[in-house]
Amino acid sequence: MESIVFDYIRREEQRQRENIELIASENFASENVRRAMSSCLTNKYCEGYAAKRSDGVGRKGRYYGGCQVIDDLEEYCCQKWREVYKTDYHVNVQPHSGSQANQAAYFSVLQPGDRVLAMDLQNGGHLTHGSAVNFSGRIYDFHFYGVDAQGFIDYEDLEEKARSFRPQLILAGASAYSRIIDFERIAAVAREVGAYFMVDIAHIAGLIAAGEHPSPFGLADIITSTTHKTLRGPRGGLIFCRPELAGKIDGGVFPGTQGGPLEHVIAAKAIAAEEALTPEYKAYAHAIVVNTAAMCREFQRLGYDIVTGGTDNHLFLIDLSRSHPDITGKDVQEWLDKHHITVNKNCVPGDRRSTSLTSGIRIGTAAETTRGRTAEDFVAIADRIDALIRELRDSKAE
Ligand SMILES: Cc1ncc(COP(=O)(O)O)c(C=O)c1O
């Protein structure tokens, strides 16, 4: 008997096929990644870690029998991710998601009430970077560095706050920031004030892997990531750390914040790492950056304000507040959805509207670049979005 669930899956397949997907955190995983995720590995319980690993980190071993294959697989996955980032950092491939990677990282090196300096949600940070409605903001004492009037990270503000607030941890990385992040500068002030330096590369992980964005390896103490955004793997998380923090980080993941690892997803993460090591992936990551810049320039030509006036990575933010003061990000998201274009509403720096309305939209090109779209295609999509926004404005004015 076939379950009704497969009807939902077919409907979603059709929606994805028919829509232009411009959500900056999404991508289309390969057949191999999807095959691994639906494999028999989902049947296996294997809490813990292999007793002996090639990086020399000795562990108590697994809490279940029958983990011989799992041990080899997880070891292979770790090796592949170290290859991707050409690093000797320790890696933990068990976090179920980016949020869990961040939770485990904080849990590993901080105590409740410890001070953290990060970028807030309003300016492009992530919920897990200290939002009041998230565990992070409830458990730790987060303070935030800002962005300047154009939307660039205000490094002077960051340095000043680091010196006066004396955080235990400084966090870099964002969900909606379109510019290169100066990891060296942030690492220097973290060193000066004796804080751990953590970077959440969830969005730009694929660009870093391909050399399209400077790398925080060698500078950061802890690096967290997702594997499903620009990296194009399964939904999941990773944590890298300096070798001396390996024990703390592994303990922070299990038993600190998780139970049994998702080995079917870990297998898919290993495949994503293999894919990220290919010349095709390098060309893909370069194409993302080229396509994003072309699309962004077209919006500017059409009169739209772009936060920071441009982009260096896979996304950009359109600020509608001057060009279309009566239209919210939510209006645009819903209108485009009706016309088979998927974007998400997003706050812009200094936004007067709430996070549920917003004055901006975030656009990313990673998913449609996977579909083989070129810079010319993205320019045509920008023109189509502009026509739809004008239609929306006219319908509101009637
Ligand atoms: C910077 C950043 N960190 C962490 C996450 C959380 O990832 P997940 O949705 O897998 O929990 C996201 C997701 O959007 C993100 O953008």
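**What the labels rest on**

Modeller: Let's start with aspartate 386: leaving aside its neighbours within four places in sequence, it is in contact with Leu302 and Tyr304, where contact means heavy atoms within 4.5 Å. This is a predicted model, so local features need pLDDT of at least 70, side-chain atom pairs count only at pLDDT 80 or more, and totals for chains, interfaces and linings use all residues. Residues are numbered from 1 along each chain as its sequence is written, and side-chain values use heavy atoms, with hydrogens and water left out.

Biologist: Why is aspartate 386 called buried?

Modeller: Buried means under 20% relative accessible area, exposed over 50%, and partly exposed in between (1.4 Å probe, protein chains only). Aspartate 386 has 7%, so it counts as buried. Its place is in helix H14; helices (H or I, at least four residues) and strands (E, at least two) are DSSP runs, numbered from the N terminus.

Biologist: How do you know that the span of H11 agrees with its 23 residues?

Modeller: The expected span is 1.5 Å times one less than the number of residues. For H11 that comes to 33 Å, and its end C-alpha atoms are 33 Å apart, so the two agree.

Biologist: What describes the packing of H11 and H14?

Modeller: An angle of about 35° and axes 8 Å apart, for H11 (residues 279-301) and H14 (residues 375-397). Axes are lines fitted to C-alpha atoms, for helices over the stretch in contact, and angles run from 0 to 180 degrees between N-to-C directions. Among the contact residues are Met295 and Phe299 of H11 and Phe378 and Ile385 of H14.

Biologist: What makes strand E7 largely enclosed?

Modeller: Five of the five residues of E7 (residues 222-226) are buried, so the rest of the structure largely encloses this strand. Ile222, Thr224 and Thr226 point one way, and Ile223 and Ser225 the other.

Biologist: Why do you say that E7 pairs with E6?

Modeller: Two strands pair if DSSP finds at least two bridges between them. E6 (residues 196-200) and E7 have three, in the parallel sense, so they meet that rule.
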